[in-house]
Amino acid sequence: MPNVSRWIDAHCHLADSRLDQYRAALVEQCRTIGITRLIQGGVDPDDWDRQLNVRADFGDLIVPVFGAYPIWAGTAEDAVFSAAMLKLEQLLPHARALGEVGLDFRGPHDSGIRERQSRAFEKQLAIAAGAGFPIILHVVHAHPEALRILRKAKFKEGGILHGYTGHLEQAKEYIDLGFAVSAGCGILRGTGHALRSAMTAIPSDFLVIESDAPDQPPPLHLRKAGAMGDLHGPASILVVASEIAELRSSTPEEVLDRSSANLRRIFRL
Ligand SMILES: [Zn+2]
């Protein structure tokens, strides 16, 4: 076994209140496996407070990331959103990145909601650029619009595109803009040729591994965290890394070492 005391989960939500009863055990599991950093994804102002509490409990293991998740941003009232942006700017010195931000055009969103999401994305790109912070991108069914906004903003700080399950050409568009592509448990469900060839061909310097815990669990037989119902923990990065290793004729350890090195570079950890 290589020295594994160096692995990083590119994206998860350890402060999620659904994990309250499991958090201490999950942290213990991370320590046993050798996962030393958990890069968080911000959701809304309450979540940022929870992240600060969890960080106080578990120290450097927790890498706080604050931002307004697109589904929240798309439905928040103007006054609530403006107050959130003020709070975000105040709290940003306690974070290492801004996110998760982007666009989520799933479901019957009307054009008003989409427009609010786009404005929220632009606003947060400007805040991240001002702070010199990388971002964590959440983009679902909205890649052309997200790429258009990123190009228009001339955003230079990079970051990661989380939960990627698309094809190679699209991944390359983000890589050209300075983003790494983050693979999570979605790749365990997607067996399409386009996704598999993307995961085989993305340059190693631009591929990272995430759990997105407690959401997006691996299929039941691959779960590592025991009885948590439909939830799971950061240990799922091992399962994702095994799948990627098979596709890239590598080993899970090599995949995680490379991912973690990339994350240290991107988030200056
Ligand atoms: Zn997430």
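In this predicted model, R268 sits in the segment that follows α11 (252-267). R268 is not a glycine, yet its phi is positive, at about 50°. Q216 is another non-glycine residue with a positive phi, in this case near 55°. Most residues other than glycine have a negative phi, and most peptide bonds are trans.

Cis peptide bonds turn up too. One joins A213 and P214, with omega about 10°; P214 belongs to the loop between β9 (207-209) and α10 (236-247). The bond from G99 to E100 is also cis, with omega near 0°, and E100 is part of strand β5 (residues 97-104).

E100 brings us to the metal site. The zinc ion takes its protein donors from H11 (NE2), H13 (NE2), E100 (OE) and D212 (OD), at 2.1 to 2.4 Å. Along the chain, these donors are spaced as H-x1-H-x86-E-x111-D. Both H11 and H13 are buried. The angles subtended by the four donor atoms run from 85 to 172°, so the arrangement around the zinc ion is irregular; a tetrahedral site would need all angles between 85 and 135 degrees.

As for the strands, three of them make up an open sheet in the order β1-β2-β3, paired in parallel. β1 and β2 (residues 35-40) run parallel and are joined by four bridges, with I8 placed opposite R37 of β2.

Definitions and conventions. Residues are numbered from 1 along each chain as its sequence is written. This is a predicted model: local features need pLDDT of at least 70, side-chain atom pairs count only at pLDDT 80 or more; totals for chains, interfaces and linings use all residues. Side-chain values use heavy atoms; hydrogens and water are left out. Donors are N, O and S atoms within 2.8 Å of the metal (3.2 Å for Na, K and Ca); water is not among the atoms, so sites may look incomplete. Four donors count as tetrahedral if all angles lie between 85 and 135 degrees; four count as square planar and six as octahedral if opposite donors are over 155 degrees apart and all others between 65 and 115; anything else is irregular. Buried means under 20% relative accessible area, exposed over 50%, partly exposed in between (1.4 Å probe, protein chains only). Two strands pair if DSSP finds at least two bridges between them. Helices (H or I, at least four residues) and strands (E, at least two) are DSSP runs, numbered from the N terminus.
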